[in-house]
Amino acid sequence: MTPETKPIGWICETCGTQYEPSAEPPEACPVCEDERQYVGWGGQRWTTMEALGRKASVHFQEEEGVTTLSLRPAFGIDQRAFLIPDRGRSLMWECLSLVTPEAVAELESRGGVSCMAISHPHFYTSMVEWSDALGGLPIYVHEADRDWVRRPSPRIRFWRGERLELSEDLVLLHLPGHFPGSAGLWWKRGPRSGGSLFPGDALQVVMDRRHVTFMYSYPNAIPLRPSAVRGLHRAVTPLQFDDVFGFTRGRQIIGQGKAAVDQSFARYLAAVTDVESRGAAPQPAAMG
Ligand SMILES: [Zn+2]
Ligand SMILES: [Zn+2]
């Protein structure tokens with residue numbers, strides 16, 4: 001096999017998704033062509049694991065009691081992944097485009113990874129390559145987003161329904177809206193005793209770090225419809241949590257997270273609902 005024909009798992013430079021290996025790059029990236037994303041301003045560009053590894057590395061960091069992984073310099077959507085303690089090992093929540101031998105060794109030295117789970121297609125990135133590098137871990141992805149998987153693998157376990165208990169302390173939650181299969185992770189008793197929520201960007205922690213918001217598209221600013229937002233509210237209402245860990249570095253609400261989320265639902269619904277339909281007295285029609 002010549003180097004030219006060796007299949008490569010091409011990675012989209014804008015969204016960071018890795019595709020099923022092929023000799024030539026895919027013709028387009030459906031993740032970026034979707035109205036929730038965008039094609040890079042310079043046109044569709046592809047990279048490879050090798051090329052990405054020459055310019056970026058996986059950075060481990062402690063953030064508010066949780067170990068996070070992210071790429072430095074930033075790449076793609078610049079999300080972070082989390083290591084959540086899971087019966088002596090760790091659950092890897094979310095994923096990154098770059099897999100390096102150094103990062104794999106670091107994970108093994110920290111006790112290893114038990115399984116992976118990912119919130120939605122924007123963060124699927126190189127999930128299959130990560131799973132393989134860590135010994136063939138199961139990857140939990142919600143069934144409703146099955147068609148968004150760009151690199152199929154028997155490692156991917158499509159889960160269904162509203163919740164999946166991974167352990168006594170860790171629960172996957174179906175939080176549809178941004179994507180039909182958007183998911184969150186509820187860590188009932190950690191990193192602090194009050195628990196925490198990892199909502200991906202089904203609920204996105206905003207810059208004031210005291211609220212979340214709900215968008216169908218974040219880069220293209222398409223709000224999520226109110227009925228879906230009410231559905232999210234119903235899904236998180238039964239949960240207890242103090243902290244909310246958002247999609248990227250530093251984006252977290254520490255303390256009183258449940259109240260912050262409740263208030264954010266009210267704020268959002270007020271912002272997208274006309275005064276007349278909120279039940280206020282209707283304004284008289286213009287005279288004349
Ligand atoms: Zn893309
Ligand atoms: Zn997203």
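I began with the zinc ion (ligand 2), which is coordinated by H120 (NE2), H122 (ND1), H178 (NE2) and D201 (OD), at 2.1 to 2.7 Å. I'm keeping in mind that this is a predicted model.

Next I looked up the angles at this site. The 4 donor atoms around the zinc ion (ligand 2) subtend 97 to 150°. Four donors count as tetrahedral if all angles lie between 85 and 135 degrees, so with a range of 97 to 150° I put this arrangement down as irregular.

H178 sits in the loop between β11 (170-174) and β12 (183-187), while D201 is in the loop between β13 (196-198) and β14 (204-205). These two are 23 residues apart, and the pair links distant parts of the chain. Are H178 and D201 buried or exposed? I found both of them buried.

On to the zinc ion (ligand 1). Its protein donors are the SG atoms of C12, C15, C29 and C32, lying 2.3 Å from the ion. I noted angles of 102 to 119° among the 4 donor atoms, and the site of this zinc ion is tetrahedral.

Along the sequence, the donor residues of the zinc ion (ligand 1) are spaced C-x2-C-x13-C-x2-C. C15 and C29 both lie in the loop between β1 (11-12) and α1 (30-33), so the pair ties together parts that are 14 residues apart in sequence.

Last, I looked at burial here. C15 is buried, at 1% relative accessible area, and C29 also counts as buried, at 0%.

Methods:
Residues numbered from 1 in each chain as written. Chains lettered and ligands numbered in written order. Predicted model: local features only at pLDDT ≥ 70, side-chain atom pairs only at ≥ 80, totals over all residues. Heavy atoms only, no water. Donors = N, O, S within 2.8 Å, 3.2 Å for Na, K, Ca; no water. Tetrahedral: all angles 85-135°; square planar, octahedral: opposite > 155°, others 65-115°. Helix = DSSP H or I, 4+ residues; strand = E, 2+ residues; numbered from the N terminus. Buried < 20%, exposed > 50% of the residue type's maximum accessible area, 1.4 Å probe, protein only.
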